[in-house]
Amino acid sequence: MESSSIPPPPMDDPTIADPLSCPPLKWGILGCGRVSHDFCQALKHLPTQKVVACSARSADSAQAFATKHNISNFYGSYDDMLQNEEVEIVYVGNVHSLRRSTGEMCLKANKHVILEKPFACSVEDAEYLIGLAKERNLFLMEGMWTRFFPAVQKSRDICSEKLLGEIATVYSDFNFCASDSDEYPSSFLYQRKLGGGANLLVGPYPMAAASMYFGGRAPDRIQAVGQVDQEMGVELQVAAVLSYPATGTEKPILGSSGMVYPKLPGTGVATLSYGMLCETPEETVVVGSKGRMKIEGPGHCPTKLNVELKAEGRGQVGKTLIFDYPLPKDTPEIVEAGGFVYPNSAGFCYEAAAVARCIAAGKKEAPQFTIEETKLNLKIIEKVRDQLGVKPIWEED
């Protein structure tokens with residue numbers, strides 16, 4: 001058995017050995033809720049990063065957030081914060097239905113932007129924001145922080161090195177019990193017109209897992225079933241299967257055996273499960289002709305990765321590899337501000353550090369999670385939504 005605790009080089013710059021190394025950047029926080037709290041806490045692991053302003057829909061909320069995190073400027077208006085010339089990049093963590101309008105405000109104020117998941121509530125809105133960012137030469141990214149965890153980077157390296165052979169299938173789940181923290185039906189999680197529902201809330205995670213291991217390509221078939229709350233009109237639970245088309249016509253030969261592997265290159269199936277009714281193990285498992293790899297739960301913010309390589313014969317396991325990437329320890333400043341709300345939120349620091357490196361290098365998107373993948377996953381979300389008979393946020397009841 002082998003183990004590793006050395007983080008692999010981040011994809012944005014293969015010469016960087018430390019995933020927390022990054023040049024200075026000044027942040028504005030738009031929306032002062034639970035996710036924004038955790039993001040702000042994680043930035044405290046990065047001495048070069050500074051939150052210089054925050055804004056909420058009420059001045060009282062913004063002031064309380066600023067006091068908790070020792071932020072010098074707070075605003076009860078998003079627009080007022082965007083006039084602050086110190087702010088270089090804005091982290092947007094407000095209600096889903098406001099993604100387009102707040103993203104537009106930030107970009108028109110010439111700020112770089114991270115839009116927390118979902119990036120938008122429609123493909124049309126996403127394309128508008130992407131076009132606006134290109135027009136103004138600004139960095140724009142969906143906050144798919146999962147892609148920046150060292151364990152996930154290592155999993156990509158393993159696949160690119162063909163350690164698992166030909167990838168045949170991906171399983172990814174993310175189900176949590178919303179009743180643990182959010183009251184039904186008043187919570188925004190159940191409000192369709194605010195962007196509630198499983199598709200927009202948790203769907204982006206397993207969909208991003210599928211697209212990562214199938215090369216960011218579009219599936220040729222999508223089939224979804226699920227449970228829809230008829231009173232609120234939102235998805236509560238979804239199971240979706242995605243089929244990926246071939247990228248070539250020649251079937252590969254398996255190693256030293258010389259046997260033909262009966263799978264065209266690029267083909268495969270992803271089985272995804274997500275929802276708000278129960279708590280699943282939340283793992284991503286990638287299986288290929290030479291073995292399988294499990295990103296251990298919580299799969300959207302993992303620290304552990306296990307690989308089991310096949311031995312000759314059915315059901316035989318050869319070599320086992322275990323990779324462990326502990327998160328940074330909470331600083332006294334983080335503890336004083338109340339710690340984290342969600343599991344492994346310290347890992348937001350990997351995303352923030354990589355974004356700072358990208359912006360310093362003049363990049364307008366992050367290679368870990370491109371704008372094209374964001375659009376692709378939104379297209380899948382829309383198809384799943386339509387198959388379940390759920391209305392988009394702009395349609396009346």
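The accessible surface of the protein chain comes to about 17300 Å², and 51% of that area belongs to carbon and sulfur atoms. Accessible areas come from the Shrake-Rupley method with a 1.4 Å probe, and for residues only the protein chains shown count as cover. This is a predicted model, in which local features need pLDDT of at least 70 and side-chain atom pairs count only at pLDDT 80 or more, while totals for chains, interfaces and linings use all residues. Residues are numbered from 1 along each chain as its sequence is written, and side-chain values use heavy atoms, with hydrogens and water left out.

**Overall form**

The protein chain has 11 helices and 17 strands. These are DSSP runs numbered from the N terminus (helices: H or I, at least four residues; strands: E, at least two). The radius of gyration is 21 Å, close to the 21 Å that the globule rule gives for 397 residues, so the protein chain is as compact as a globular protein of that length. This radius is taken over C-alpha atoms, and the globule rule is 2.2 Å times the number of residues to the power 0.38. The C-alpha trace spans about 70 × 50 × 40 Å along its principal axes.

Among contacts (heavy atoms within 4.5 Å) between residues at least 6 apart in sequence, 70% join residues at least 24 apart.

**Interior**

Of the 397 residues, 54% count as buried. Buried means under 20% relative accessible area, exposed means over 50%, and partly exposed lies in between (1.4 Å probe, protein chains only). A nonpolar core is a set of buried Ala, Val, Leu, Ile, Met, Phe, Trp, Tyr and Cys residues joined through side-chain atoms within 4.5 Å. The largest such core has 117 residues, of which W27, L140, L164, M293 and V384 touch the most other members. Helix α10 (residues 348–360) gives the most to this core, with 10 residues.

**Backbone details in loops**

| Bond | Omega | Loop holding the proline |
|---|---|---|
| K117 and P118 | about -10 degrees | between β6 (112–115) and α5 (123–136) |
| G297 and P298 | about -5 degrees | between β15 (291–295) and β16 (304–310) |

N70 is not a glycine, yet it has a positive phi of about 55 degrees. N70 sits in the loop between α2 (59–69) and β4 (73–75) and is exposed, with a relative accessible area of 64%. N137, also not a glycine, has a positive phi of about 60 degrees. N137 lies in the loop between α5 and β7 (140–142) and is partly exposed, with a relative accessible area of 48%.
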